[in-house]
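This report describes aromatic contacts, charges over rings and strand pairing. The sequence and the structure are shown first.

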Amino acid sequence: MADTQWFRQARFGLFLHWGLYAAHARGEWYASMERVPPEEYDRAFGAFDAADYDPRAWARMARQAGMKYAVLTAKHHEGFCLFDSAYTDYKATNTPAGRDLVREYLEAFRAEGLRVGLYYSLVDWHHPDYPAYADPFHPLRGSEARRREQCDFERYLAYLHAQVRELCTGYGKLDLLWFDFSYEGHTGEDWHARELVEMVRALQPGILLNSRLEASGGSLGSLLSGRPTPWAGDFATPEQIVPPAPLAGPDGAPVCWEACQTMNNSFGYTEADHAYKSAAVCIRQLADCVSKGGNYLLNVGPNARGALPAPAQEILREIGAWMRCNGESIYGCGAADPVVSAFGCRTTAKGKTVYLHVMQQPVGPLALRGIAPEQIRRASLLYSGSQVEVLQEGWTAANYPGYTFLSLAARANETQPLPDAADTVVKLELR
């Protein structure tokens, strides 16, 4: 396994789902969900022009949002490549875009000081040697056109490995490679995973790999088993969920993980999906992940012209404003040990400092368990440095032994709105 130190320090990243599906504007699974025949799906090939693609603007936006790394879909399940692969004509350089979009992304994000990752789908609905008829996800599953298909899966695997080699040799240092995804009949050594991992690690020393050579968004792989396979990867990837507790092996040792989440309900650009989460919800999800020792990979789906949706841009700006005041409670932090709890709160910690993420207005003072008043050297609001009173005496404290009370109001028996309705962070410096 590779060293995950930078990854655990970063905690917050940008996921970018972009491909030919953006021109259909119905999500990255559109071809599969609606069983779209190739001749209809590929009409989008001539509409993919990336006219508004400005990766430098994307990178600035990510950095200003407080993100420390990014992952772009070099190839999704549809098989369309954003990079100039020598092994296919099904690529962005042959569309009206006419550019190697992966190279431009990598150069722009590195220039902004962000770590860079690439997503690569192990699945490929375009390749003739990827089985379709009996596959549960292929757009042509069950179709008469593929009933008598004679796929050479070994030939497909050679193609897969060759493209991964291209990404690992033609684009400079990669910090992360995000494979997707495994399922019954296509997992682990079905991908020649040992050979693939050995090749990637030899070509890109220190690179981090995710768990999906043997897992999917709904499974975590063998990293939590205590006996990880050689292709288990370096971190687990729960999708569209924040685990209810820190992920750990049988011995209790923490397992590195990253939750990937959408801003609305879609990864790939979906014109009709306006169900965007508020910035407050995203901030709370980020704090929730870090409080359990995980990372938060927040997705944006650019449209076919390469523009980020306006609501997504506004969400990133609002998150950035919060991160500029409160990033100290995220970067390099993890779960508090021993556990500190309070109603409506999450706690993150770093060394002898505990950060209370207060997400709900308390009635009266905030009641904490897991920490005694005498352990607290100083309590303050992180965004301003203003002192928060630790109540050690009086009727409130006396009536509830075992709790520590913090006054976030002018007086202990008074309530007032939280300074930040999304997440007010209280910094506890311990003795």
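## Charges over aromatic rings

Arginine 369 lies over the face of tyrosine 403, at 4.8 Å from the ring centre. A charge counts as sitting over a ring if NZ of Lys or CZ of Arg is within 6 Å of the ring centre and within 35 degrees of the ring normal. Lysine 68 is placed over the face of tyrosine 331, and its distance from the ring centre is 4.7 Å.

## Basis of the model

The model is predicted: local features need pLDDT of at least 70, side-chain atom pairs count only at pLDDT 80 or more, and totals for chains, interfaces and linings use all residues. Residues are numbered from 1 along each chain as its sequence is written, and side-chain values use heavy atoms, with hydrogens and water left out.

## Aromatic pairs

The structure holds 32 aromatic pairs. Rings of Phe, Tyr and Trp (its six-membered ring) pair if their centres lie within 6.5 Å; planes under 30 degrees apart count as stacked, over 60 as edge-to-face and the rest as tilted. Phenylalanine 12 and tyrosine 296 are stacked, because their ring centres are 5.9 Å apart and their planes stand at 20 degrees. This pair links distant parts of the chain, with phenylalanine 12 in strand S1 (residues 12-16) and tyrosine 296 in strand S7 (residues 294-300), 284 residues apart. Helices (H or I, at least four residues) and strands (E, at least two) are DSSP runs, numbered from the N terminus. Phenylalanine 12 is buried, with a relative accessible area of 0%, and tyrosine 296 is likewise buried at 0%. Buried means under 20% relative accessible area, exposed over 50% and partly exposed in between (1.4 Å probe, protein chains only).

Tyrosine 130 and tyrosine 156 form an edge-to-face pair, 5.1 Å centre to centre with 85 degrees between the planes. Tyrosine 130 lies in the loop between strand S3 (115-121) and helix H7 (153-169), and tyrosine 156 lies in helix H7, so the pair ties together parts that are 26 residues apart in sequence. Both tyrosine 130 and tyrosine 156 are buried.

One aromatic cluster is formed by Trp18, Phe45, Phe48, Tyr53, Trp58, Phe80 and Tyr90.

## An antiparallel sheet

Five strands form an open sheet in the order S8-S9-S10-S15-S12, with antiparallel pairing. The edge strands, S8 (334-335) and S12 (376-381), each pair on one side only. Two strands pair if DSSP finds at least two bridges between them; S8 and strand S9 (residues 345-350) pair over two bridges. The bridge partner of alanine 335 in S9 is threonine 348.
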